[in-house]
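Okay, thanks for coming, everyone.

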Amino acid sequence: MSAESTTIPKNVSRWSGGIVPMGSSYGKLMMWFFLLSDAFTFSTLLVTYGFIRIGSEKWANPEAVFKDVPFIHGVELPLVFVGIMTFILITSSVTMVLGVEAGHRMDRKAVEKYMLLTILGGAAFLGCQAWEWSHLIVGGTTIYGNPWGDLMFGQLFFIITGFHGFHVFSGLVILFIVYLMVKNKTLEKRGHYEMVEKVGLYWHFVDLVWVFVFTLFYLI
């Protein structure tokens, strides 16, 4: 291929039309790069957790740690509450998908509705996590007190779930900003809802990471 055939005119950007690297817009491509780097960070934390757990002679039994449910006293319901948390977060991922799909149809009202539902779902998840943390720290069953096994279980639990919770909170902030952009017809005036799709990628990533956190900490 000659040099002339690959030369781009000076007044034409690679993303301005005709040439789209990797078939994606600049914004979505940068979001994928960010998610890839973030995936390495979470992978490092989870692999570290795995190695420490394998090397421990006495590890906490999740069913003995996560057995309480708000407003239900005197009854042990292992993993029920965290199951509810997981259902809420996965449901918010579904509403995010519906919001992106509505954006492709240029249906502003539907995008607004589904983004609001996603925000409510994420906020509910964070509220549940706040209760879980406060219960484990203050409620007389603190993991830091090491009542069930290796002290590293509690330390890694708060580090990893806290790091994930920070991502959920960050996602909620971004979702709310984009929601306001949708409500104020800012994206409609641009002629596309790609911003909704980009924040959707981030939200799906956060949900996917929770699947691994849920499996490692709560199930096995």
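**A buried glutamate**

Let's start with Glu 132, which is buried but has no salt bridge, its nearest oppositely charged side chain being Lys 67, 11 Å away. Buried here is under 20% relative accessible area, exposed is over 50%, and partly exposed is in between, with a 1.4 Å probe and protein chains only. A salt bridge needs a side-chain nitrogen of Lys or Arg within 4 Å of a carboxyl oxygen of Asp or Glu. For charge, Lys and Arg are positive, Asp and Glu negative, while His and the chain ends are not counted.

Before I go on: this is a predicted model, where local features need pLDDT of at least 70 and side-chain atom pairs pLDDT 80 or more, while totals for chains, interfaces and linings use all residues. Numbering runs from 1 along each chain as its sequence is written, and side-chain values use heavy atoms, without hydrogens and water.

So where does Glu 132 sit? You'll find Glu 132 in helix α5, residues 108-138. Helices are DSSP runs of H or I with at least four residues, strands are E runs of at least two, and numbering starts at the N terminus. Skipping neighbours within four places in sequence, Glu 132 is in contact with Phe 66, Phe 81, Met 85, Phe 157 and Tyr 218; contact means heavy atoms within 4.5 Å.

**The aromatics**

Three of those names bring us to rings. A search of the whole structure turns up 20 aromatic pairs. Rings of Phe, Tyr and Trp (its six-membered ring) pair when their centres lie within 6.5 Å; planes under 30 degrees apart are stacked, over 60 edge-to-face, and the rest tilted.

Take Phe 42 and Phe 163: a tilted pair, 4.9 Å centre to centre with 45 degrees between the planes. This pair links distant parts of the chain, with Phe 42 in helix α2 (residues 26-54) and Phe 163 in helix α6 (residues 151-183), 121 residues apart. Phe 42 is buried at 3% relative accessible area, whereas Phe 163 is partly exposed at 25%.

Then there's Phe 157 with Phe 158, an edge-to-face pair at 5.3 Å centre to centre and 80 degrees between the planes. Both Phe 157 and Phe 158 are buried. They belong to one aromatic cluster, whose members include Phe 66, Trp 133 and Tyr 218.

**Zooming out**

The chain has eight helices and zero strands. Of its 220 residues, 40% are buried.
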